[in-house]
Amino acid sequence: MKMLFDSGYFALFLASFLAATVIPFSSEALLSGMLATNYNLYWCLGLATLGNWLGGMSSYGLGWLGKIQWIEKYLKIKHSQINKTQKRIKGKELWVAFFCWLPGVGDVIAVILGLLKVNIVWVSIGMFIGKLLRYIVWALITLEAINWFQ
């Protein structure tokens, strides 16, 4: 149980959360460092994914609080273009949310999904899968690099 409260794990969770918001932060470097110093792979993957997913869902929530009229007024995007975007996303919500893991644009995708009031269930599932796979791939690359230098 002590492992849950280790400051390294908490730092990874927090870094992963912040990395999924509009705050520029890299959780991958911390994940790699923790794996290099023999932190538990599964705890690291789980906490990084959970933190990043919750951060992404908070961005989605911020978007949900917004209003379509704001897009029209402040971004000068026509209502017809907003409707086209909503129609394009319809039926592909899970796949669009999957790409919230992308650096730079992923946070914007999450906010837009919220703003367009896309189904939270599909967004949650797609976003979680994308973020989990990202951390798995990163961890595998890190572990392979560590093996090269041992």
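A residue is called buried when its relative accessible area is under 20%. Keep that cut-off in mind for what follows. The structure above is a predicted model.

I'll start with charge. How many salt bridges does the structure hold? There is one. Its partners are Arg 134 and Glu 28, and their closest N and O atoms are 2.8 Å apart. This pair links distant parts of the chain, with Arg 134 in helix α8, residues 120-148, and Glu 28 in helix α2, residues 28-36. The two are 106 residues apart.

Next, the aromatic rings. In general, a pair of aromatic rings is described by the distance of the centres and the angle of the planes. This model has six aromatic pairs, and I'll show two.

Take Tyr 9 and Tyr 39. Their ring centres are 5.1 Å apart and their planes stand at 80°; an angle over 60 degrees counts as edge-to-face, so this pair is edge-to-face. Again, distant parts of the chain are linked: Tyr 9 is in helix α1, residues 7-19, while Tyr 39 is in the loop between α2 and α3, 30 residues apart. Tyr 9 is at 4% relative accessibility, so Tyr 9 counts as buried. Tyr 39 has a relative accessible area of 25% and is partly exposed.

Why does Phe 128 count as partly exposed? Because its relative accessibility is 33%, which lies between the 20% limit for buried and the 50% limit for exposed. Phe 128 is also one of the residues in a nonpolar patch on the surface.

Last, helix α3 itself, residues 41-65. At 1.5 Å a residue, its 25 residues should span 36 Å, and the end C-alpha atoms are 36 Å apart, so the two values agree. At the start of α3, Asn 40 has a side-chain oxygen within 2.9 Å of the backbone nitrogen of Tyr 42.

That's all I have.

Notes:
Residues numbered from 1 in each chain as written. Predicted model: local features only at pLDDT ≥ 70, side-chain atom pairs only at ≥ 80, totals over all residues. Heavy atoms only, no water. Helix = DSSP H or I, 4+ residues; strand = E, 2+ residues; numbered from the N terminus. Expected span 1.5 Å × (residues − 1). Polar contact = N/O pair within 3.5 Å; in protein donor to acceptor, adjacent residues only side chain to side chain. Salt bridge = Lys/Arg side-chain N within 4 Å of Asp/Glu carboxyl O. Patch = residues over 30% accessible without salt bridge, like charges linked within 9 Å, V, L, I, M, F, W, Y side chains within 5 Å. Areas by Shrake-Rupley, 256 points an atom, 1.4 Å probe, with all protein chains shown as cover. Phe/Tyr/Trp six-rings, centres within 6.5 Å; stacked < 30°, edge-to-face > 60°. Buried < 20%, exposed > 50% of the residue type's maximum accessible area, 1.4 Å probe, protein only.
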